[in-house]
Amino acid sequence: MTPNVLFITADQWRGDCLGVAGHPVLRTPAIDRLSAQGVFFARHYAQAAPCSPGRASLYTGLYQMNHRVLRNGTPLDARHDNVALALRRQGYEPTLFGYTDQAVDPRTTTPDDPRLRSYEGVLPGFAAEIQMTEENGPWFDWMAARGHRLPEDPWALFWPPEGRPKLPSTAPPRFGQDETDTAFLTDVFIDWLSQRRKGAPWCAHVSFLHPHPPFVVPAPFNSLYDPADGPAFRRAPDVAVEAAQHPYLAYWLGQAKTASFCFLEDGNGLVADWPEEAFRTVRATYWGMISEVDRQIGRLMAALEAAGAWEDTVIVLTSDHGEMMGDHWTLGKFGYFDQAYHIPLIVRDPRHPQGFGACVTDFTEAVDVMPTLVEATGACREGPADGHSLMPFLRGEPVPGWRKEVHWEFDFRDVAGGGAQAALGLDLDDCSLAVIRDARFKYVHFAGLPSLLFDLHKDPGELHNLAEDAGYQGQRLAMAEKLLAWRSRYLDRRLTGIALTADGPLDARA
């Protein structure tokens, strides 16, 4: 059987924010049901942030050191294969609902191409049924067609009727739960699915924006969780102690503005200056946004069942990166903390019910998704992928020699404004870090700043840097050597297995 493919992403979703992950407060019944009929990967990590770099690894199966999408707006090199192109070669017509945030390679087009003025391009291989960008145009048009009188600034729909608050609020926006952009994309997909020809396998990528900011959600989700509930934040006693951990962390805390996350009266304030209740209010709203997305994922699942496609469809549910959500006195996705890179992954292949309900605790990475879909559909890659197929886990097979660590990278250069370089005294190409994390230790290597080492057994909150502790120098060296070995093993291998011989090119990897 050639399966259908439903590839779902929800942006900026922490890996611990699922019912199946054991969250003490958050409820996600639809996703929990999907997990019970699929495989849940409990220790799954993104390879980069923010959106464009994280998605480049997800779509190409390559680490950032190979695809080199460093920031939103860095072009994706046209020579790289990706999941949409691979499935298109297999006979699918990969269809996008939402966005992929991949900037076009400027060497493949002309200087007047309008795509060169935005990082929100469509990944090669996808045909966009509906493309969503930061302007949210299709959703705003849909809202107008439903009778909403759009204000001069359509984003005012997200404000409470009384206007922007001074601090984060759980007040709902000016639209209902059936009118979110998540509901809009779900409606468009369901309508598209109803028009599919029976028996012809399809591939759809439903790319939801939320729970990405702005952190606001309609009723009843805005009051679903009490801000007083939930665990304590993982952070130092105050912002000054937190900032003292590392120069880059101090830089981030000193420039993370509230306007990036909430619609407040003063968008120039610093997130780090918020009181405890503001962080808890935003967190409760974030949980409500996840529950709203969960509701729409339930609608996707119901639509598959109604169309008779439930037992013919491989489903992948994941995210591009995580969210700090109050830990370490901040919001967003950046740097080296687990919260910004630990993300959900659930895969359901109806052909392998023996794996249903399994929880995989081995380390998995976003680069594994592309090889998994390639194997699941019988497609072929053109060129290397750094990830490895997860199909053996879905089949319930042992996987000897599987990785014992995860890795990610983060590039904090400011190409347009130079802010990071000036604040930290770094050259453009020194503004990067790489992380290796195993079950106990995490080592963070900066190109131009001091390194970090955490003992996660003793310090799960990542509050105590041991890089200069004399008792941990052996462990620091061992982790640095493993990070170097990882880079040496995976650095661009497109032609490195080929030798030109008297009989012509010999490909040792063929």
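## Second largest pocket

By class, 15 nonpolar, 7 polar and 9 charged residues line the second largest pocket of this predicted model. Nonpolar means Ala, Val, Leu, Ile, Met, Phe, Trp, Tyr, Cys and Pro; charged means Asp, Glu, Lys and Arg; the others, Gly among them, are polar. A pocket is an open set of points on a 1 Å grid over the protein atoms alone, where a 1.4 Å probe fits, with protein on both sides within 12 Å along at least five of seven lines. Lining residues have an atom within 4 Å of a point.

The volume is about 730 Å³. Volume here is the space filled by probe spheres set on the points, which are joined across faces, edges and corners. Of the 31 lining residues, Arg14, Asp16, Arg234, Gln339 and His342 are closest to the centre. β2 (39-45) gives the largest share, 4 residues. α9 (276-306) supplies at least two. Helices (H or I, at least four residues) and strands (E, at least two) are DSSP runs, numbered from the N terminus.

## Largest pocket

The largest pocket has a volume of about 1000 Å³. Its lining counts 41 residues; Asn72, Glu134, His212, Ser260 and Lys333 lie nearest the centre. Two or more lining residues come from each of α6 (181-194), β5 (203-208) and α8 (247-253). The largest share, 3 residues, belongs to α8. By class, the lining splits into 22 nonpolar, 9 polar and 10 charged residues.

## Basis

The model is predicted: local features need pLDDT of at least 70, side-chain atom pairs count only at pLDDT 80 or more, and totals for chains, interfaces and linings use all residues. Numbering runs from 1 along each chain as its sequence is written, and side-chain values use heavy atoms, with hydrogens and water left out.
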